[in-house]
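Please have a look at the sequence and the model first, then read on.

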Amino acid sequence: MTSAGVGRLPAGWTIERVRELSGVPDAVVVDNVRAVTRVAWPPDGEDRPVTPEVVIRLGGLAVVKGVGGEDWYTGHFEDDGGVCCWSAGTLHQMLRGL
């Protein structure tokens, strides 16, 4: 995982823009260390770990960017604080798809 702290939104993005596009007025960037993120990909359905760089909480949902990657993932928070993701794309796509 990344060092303790809260990741930063990409250049040109603000939390207000995230809230507007997602329709979630209380969206917030949260600590990227507390979540162990796994992404289940077809066709094998195997969970694959993703080291989170940025984690945005949108109610019970999350949008996550992995370290060193360009994709953003949409998922949900698990009871243990982890995130299970099910789709990938750009930040704009993930927020509009909520």
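1. A word on the basis. This is a predicted model, in which local features need pLDDT of at least 70 and side-chain atom pairs count only at pLDDT 80 or more, while totals for chains, interfaces and linings use all residues. Residues are numbered from 1 along each chain as its sequence is written, and side-chain values use heavy atoms, with hydrogens and water left out.

2. The overall layout. You will find 2 helices and 7 strands in the chain; these are DSSP runs numbered from the N terminus, with helices (H or I) of at least four residues and strands (E) of at least two. Along the sequence the order is α-β-β-β-β-β-β-β-α.

3. The chain has 98 residues, and 40% of them count as buried (under 20% relative accessible area, with exposed over 50% and partly exposed in between, using a 1.4 Å probe and protein chains only).

4. The nonpolar cores. A nonpolar core here is a set of buried Ala, Val, Leu, Ile, Met, Phe, Trp, Tyr and Cys residues joined through side-chain atoms within 4.5 Å. The largest one has 16 residues, and Val18, Ile56, Leu58, Val63 and Leu95 have the most contacts inside it. Helix 1 (15-22), strand 4 (52-58) and helix 2 (91-96) each give two or more residues to this core. A second, separate core of 10 residues includes Val39, Val55, Val64 and Val83.

5. Two residues worth a click. Leaving aside residues up to four places away in sequence, Ile56 touches several partners, among them Leu9, Val18, Val28 and Leu91; contact means heavy atoms within 4.5 Å. Thr74 lies in strand 6 (residues 72-77) and is buried, with a relative accessible area of 5%.

6. The cysteines. How many disulfides does the structure hold? There are 0, a disulfide being a pair of cysteine sulfur atoms within 2.5 Å. For Cys84, the nearest cysteine sulfur is that of Cys85, 6.8 Å away. Cys84 counts as partly exposed, at 23% relative accessibility, whereas Cys85 is buried, with a relative accessible area of 1%.
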